[in-house]
Amino acid sequence: MKSRIALVGLDGVPIHLLQTMVDNGVMPNLSRWLRSRPMRPLSSSTPPVSSVAWASLYTGKNPGEHGIFGFHDIDAATFRSYFTNLSHVRAHTLWDIAGLRGLRSLIFNVPQTYPAKPIQGTMISGFVAPDLKKAVQPLRLLDYLADRGYRTDPETGNAVRNPEAFMQDLFDVLRVRGEVLLRLMAKEPWDFMMAVITETDRLHHFLWNAGDDPAHLLHEEFFDFYSKLDVLLGQLLARLQPIASTILLSDHGFGTLKKEFYLNRWLEENRYLELKYPGAVQVEDVADASRAFALDPSRIYLRVKGKFPLGPVEPGRRYEELRDEIAGRLSLLKDPETGDAVVREALKKEELYDGPLLDAAPDLIVRTNEGYDPKGAFHRKTLFGHSGLTGMHTADDAFIAMDEDWGEPVPKNVEEVGALLGQKLLSLRSR
Amino acid sequence: MRRGFTLWFTGLSGSGKTTLAGLVEDIILERGALAEILDGELVRREISPELGFSPADRALHMKRLAYMADLLNRNGVNALVAAVSPLRNGRAEMRRLLNPFIEVYTHCSLEVCKQRKASGLYRLVESGGVTGVAGIDFPYEPPERAEVEVRTDLEEPEESAAKIVHVLEILGLLPSIPSSAFTPEEEAELRRKLTDLGYM
């Protein structure tokens with residue numbers, strides 16, 4: 001192993017897409033780098049959403065241990081929802097481990113790292129980071145970032161209505177992201193670096209179809225984006241090669257979104273969920289008589305007595321029966337247009353997670369079949385629909401490629417990557 | 001009663017050990033725990049005026065500091081020791097004697113230290129009034145692996161203190177304050193961004 005460790009993340013890039021880009025000559029720098037570092041598939045977290053996936057990676061633990069189950073969560077005792085942030089992560093992070101060993105970290109644009117912590121090293125928070133002043137440690141870097149026009153995220157509000165402007169914004173954010181990362185790598189001392197490009201995920205959410213469809217207005221720009229990404233990767237990987245044992249990976253994959261599937265609408269139609277009033281839009285508007293509700297993207301919670309205020313579901317046998325009933329009925333759901341099964345399986349929390357925070361986990365996690373994107377919105381009036389997004393997250397087709405000195409075995413999922421990094425950090429010496 | 005911990009601040013004279021110890025002490029007290037500062041210079045003056053700076057005297061000075069820190073820790077008080085403690089083997093001995101032991105390296109260039117203590121110790125050194133000063137005519141051996149290193153010549157004291165407190169939180173030695181990081185305006189922005197991406 002070299003004297004430093006680096007992980008570079010491409011958020012939401014599926015292995016097959018990257019292979020296509022490499023095979024078609026769109027990414028010559030990456031192609032050269034991959035010659036001695038074969039890409040292998042990597043599984044994401046469950047659910048395969050960035051907040052959970054990156055938290056699982058940077059702690060090396062599952063959500064039952066680190067406590068992040070989504071971007072949005074609920075306090076069972078008060079039935080108040082909240083947006084999760086780094087302060088809610090309940091396990092030691094890789095930079096914590098590094099810091100305690102006297103190693104300095106450069107943590108750059110990693111999702112679920114807001115607000116930035118005063119770590120040994122540098123932290124620039126990733127999505128979601130609404131206030132740049134709270135997203136930068138040490139604070140002396142704030143002026144530099146502001147001067148460069150650094151942003152955590154492109155503007156997505158108009159992405160559906162004005163995709164051309166959105167695409168241009170993606171290019172702009174990527175350019176500044178790259179410039180700032182390269183400068184910080186050179187100027188800030190680090191022994192462990194974790195840096196993520198998130199523009200890929202944004203591109204795929206709104207313009208996945210642009211990559212698929214040669215007739216799409218932005219088909220060429222889709223590939224141009226990857227070409228520009230390749231230029232950045234070329235610079236990054238060339239600088240890392242002599243100094244750091246490097247891993248390149250994604251946290252989840254992407255695929256075509258055929259239909260959004262609105263879980264709360266399904267729960268309502270099947271009388272598991274009641275809303276306090278028509279048009280209710282938030283979880284706090286769930287009526288006391290409700291036995292279940294869903295949170296994004298695929299989490300179902302049962303309102304168990306003693307856990308949720310006025311929860312009507314008796315714990316024990318009744319809870320288990322209700323879980324089995326919901327899981328069973330979901331498995332029978334067919335797309336009325338095609339007759340295809342929508343839900344692949346609904347897994348119980350104890351099948352997926354373990355740890356001291358298991359009680360806070362959703363009771364069922366829904367895995368859908370290809371193309372059906374589960375959503376936790378409350379205001380939908382139909383079971384299926386579209387909101388303008390054309391791509392959806394997928395769970396088992398992320399990728400990983402590693403320098404040879406990492407050895408075998410290659411991690412199979414994001415949690416194993418974190419565990420491997422944690423192990424290697426324990427043997428790294430501070431320079 | 002839970003045993004207290006010892007935070008051992010090491011660094012050149014003028015590197016900010018006492019200042020930082022004061023800031024961290026305030027935070028510890030605010031969080032409902034007990035803390036006491038053992039300032040190396042003060043202890044020398046008040047308790048050990050007979051000690052000089054020979055290796056044997058330095059070792060005895062540190063041993064006395066460790067004894068007092070241990071006494072505090074046994075009674076549930078967290079001890080914040082601010083002492084130059086220039087030699088690695090001396091600090092290693094402290095780590096052996098005290099548990100939990102967290103080493104804080106106040107890393108500061110000698111030039112900045114001299115500016116901070118221009119009217120004190122370093123002026124005496126220049127006038128020949130004192131010898132055996134770490135960093136001048138006595139070696140200072142920086143820690144190879146302190147739990148916390150703070151660059152007091154580059155950071156604001158509050159920033160350095162926050163790093164130290166963060167490590168105490170990671171180690172489970174100080175309760176962290178749950179951070180409601182989002183103002184109502186930020187929450188509105190978050191909701192909008194997550195809705196744009198289909199998460200809500």
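This is a predicted model: local features need pLDDT of at least 70, side-chain atom pairs count only at pLDDT 80 or more; totals for chains, interfaces and linings use all residues.
Local features here require pLDDT of at least 70 and side-chain atom pairs pLDDT 80 or more, while totals for chains, interfaces and linings use all residues. Residues are numbered from 1 along each chain as its sequence is written, with chains lettered from A and ligands numbered from 1 in the order in which they are written.

I begin with the domains of chain A. The assignment, whose bounds come from an automatic or database source, gives domain 1 as 4-256 + 391-427 and domain 2 as 259-385. Their C-alpha centres are 29 Å apart. Domain 1 of chain A brings 21 residues to the contact and domain 2 of chain A brings 25; contact requires C-beta atoms, placed from the backbone, within 7 Å. On the domain 1 side, α4 (63-66), β3 (72-75), β4 (80-83) and β10 (253-256) of chain A each supply at least two residues. Helices (H or I, at least four residues) and strands (E, at least two) are DSSP runs numbered from the N terminus. The most comes from α4(A), with three residues. By class, this side of domain 1 has nine nonpolar, nine polar and three charged residues. Nonpolar covers Ala, Val, Leu, Ile, Met, Phe, Trp, Tyr, Cys and Pro; charged covers Asp, Glu, Lys and Arg; the others, Gly among them, are polar.

I turn to the helix pairs. In chain A, the axes of α7 (residues 163-187) and α8 (residues 199-212) come within 10 Å and cross at roughly 170°. Axes are lines fitted to C-alpha atoms, for helices over the stretch in contact, and angles between N-to-C directions run from 0 to 180 degrees. The angle therefore makes α7(A) roughly antiparallel to α8(A), the term for angles over 145 degrees. Among the residues that meet are Phe166(A) and Leu170(A) of α7(A), and Leu203(A) and Phe206(A) of α8(A). This contact has nine nonpolar, no polar and two charged residues.

By contrast, α3 (residues 50-59) and α13 (residues 414-427) of chain A pack at about 25°, with axes 6 Å apart. They are therefore roughly parallel, that is, under 35 degrees. Their contact includes Leu57(A) of α3(A) and Val417(A) of α13(A).

Finally, the chains: 28 residues of chain B touch 35 residues of chain A. On the chain B side, α7 (157-170) and α8 (184-196) are the elements giving two or more residues, and α8(B) gives the most, eight. That side has 12 nonpolar, three polar and 13 charged residues.

Methods: Angles under 35 degrees count as roughly parallel, over 145 as roughly antiparallel, 65 to 115 as roughly perpendicular and the rest as oblique. Two residues are in contact if their C-beta atoms, placed from the backbone, lie within 7 Å.
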